[in-house]
Amino acid sequence: MDGRHSLELALPGASIGAVAGAMAGGLTLFAGQPTGMAALSALSLAVPLALFGGLYGVLLGHGVFRPGTFGPVGLYWVAAFPVSRLAQESLVGIGLADGVLPFLAYQAMVSLGFAIGFVWLHERIMPYWLIRRAPANPLAKDLLGLYVRHAGMLRARKGARR
């Protein structure tokens, strides 16, 4: 059962990653590339981003990451985003003209912006998902408790400033 419970925690992050990758296909189409190229671009980025996004949810559920923190998550995406982009470029094959290392270095810089957006969305979607899954999933129940404690701590801090 633990495997199914972990997979349930992966769903919000995997969804965010898949949508972000699909948007890359839309941007490729908007840039004037053929439909087939846009579809390949979307799929080849959506799959690794969905996998890494889902893994983030599982790691969050198992206590590797904590709600409300960015530093460790930023480092996670500094590694995961360039790998995802490299997988995409390996299939689409148009962005590696300057070499692999400069490409990866640039993607590592861009990844922090992606990480900010990912965490922002995840922190807004995950609690609602956990509320739905907590009655049947002990991992979701524990993680929901962390989110509730974090929200209480933020509320107390905000009240102390007034």
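This is a predicted model: local features need pLDDT of at least 70, side-chain atom pairs count only at pLDDT 80 or more; totals for chains, interfaces and linings use all residues.

I began with the rings: ring pairs link F52, Y56, F65, Y76, W77, F81, F114 and F118 into a cluster. For my notes, rings of Phe, Tyr and Trp (its six-membered ring) pair if their centres lie within 6.5 Å, with planes under 30 degrees apart counted as stacked, over 60 as edge-to-face and the rest as tilted.

Residues are numbered from 1 along each chain as its sequence is written, and side-chain values use heavy atoms, leaving out hydrogens and water.

I searched the whole structure and found ten aromatic pairs. In one of them, F65 and Y76 have ring centres 5.6 Å apart and planes at 75°, so I noted the pair as edge-to-face. F65 is in the loop between α2 and α3 (71-92) while Y76 is in helix α3, so this pair ties together parts eleven residues apart in sequence. (Helices are DSSP runs of H or I, at least four residues, numbered from the N terminus.)

Next I checked Y76 and W77: their ring centres are 5.3 Å apart and their planes at 85°, so this pair is edge-to-face.

Is W77 buried or exposed? W77 is buried, at a relative accessible area of 0%; buried means under 20%, exposed over 50% and partly exposed in between, using a 1.4 Å probe and protein chains only. Y76 has 12% relative accessibility and so counts as buried.

Notes
Helices (H or I, at least four residues) and strands (E, at least two) are DSSP runs, numbered from the N terminus.
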